[in-house]
Amino acid sequence: MGEVTQATGIATHTLRYWEGRFPQLKPVTRAGNRRYYRPADVALVQRIDRLLNHEGYTVRGVQQLLAAERKPGATSAASAPAAPAPVATVMPDTIDAIRLIRDYLREALDTDG
């Protein structure tokens with residue numbers, strides 16, 4: 001859960017609240033009730049965040065949208081699931097950190113060789 005919080009900027013108490021409000025958000029529970037968010041769960045968290053905090057939906061509105069997507073035969077463009085975000089937009093801080101490490105290692109190898 002902490003990794004999802006770092007990657008998305010969403011507080012842990014908000015994630016717990018959303019788990020109770022959105023039945024589609026079901027992270028795997030590990031020993032000691034630790035939550036393990038799969039990539040699909042992270043994508044859903046980001047989508048819920050975008051709908052609530054950037055597109056002006058209410059919690060009820062997002063619940064209805066997600067519920068409509070689960071129904072068989074839901075074919076409208078408004079209810080079509082969003083494509084997963086590219087990795088670079090999912091975790092920009094992580095990508096930047098990896099690039100810094102790569103550059104550091106490249107420089108270290110250049111000075112040794």
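How accessible is Glu-55: buried, partly exposed or exposed? Glu-55 comes out partly exposed, with a relative accessible area of 44% (buried is under 20% relative accessible area, exposed over 50%, partly exposed in between, using a 1.4 Å probe and protein chains only).

A quick note for every view: this is a predicted model, where local features need pLDDT of at least 70, side-chain atom pairs count only at pLDDT 80 or more, and totals for chains, interfaces and linings use all residues. Residues are numbered from 1 along each chain as its sequence is written, and side-chain values use heavy atoms, with hydrogens and water left out.

**View 1. Glu-55 pairs up with Arg-50.** Their side chains form a salt bridge at 2.7 Å, N to O (a side-chain nitrogen of Lys or Arg within 4 Å of a carboxyl oxygen of Asp or Glu). Arg-50 is partly exposed, at 31% relative accessibility. By the salt-bridge rule, the count comes to 6.

**View 2. Arg-47 reaches Glu-69.** This salt bridge spans 2.6 Å, N to O. The pair links distant parts of the chain, 22 residues apart: Arg-47 sits in helix α3 (residues 39-53) and Glu-69 in helix α4 (residues 59-70). Helices here are DSSP runs (H or I, at least four residues), numbered from the N terminus. Arg-47 is buried at 12%, while Glu-69 is partly exposed at 22%.

**View 3. Asp-41 meets Arg-38.** Here the salt bridge is 3.0 Å, N to O.

**View 4. A salt-bridge network.** Arg-102, Asp-103 and Arg-106 are linked together by salt bridges.

Methods
Helix = DSSP H or I, 4+ residues; strand = E, 2+ residues; numbered from the N terminus.
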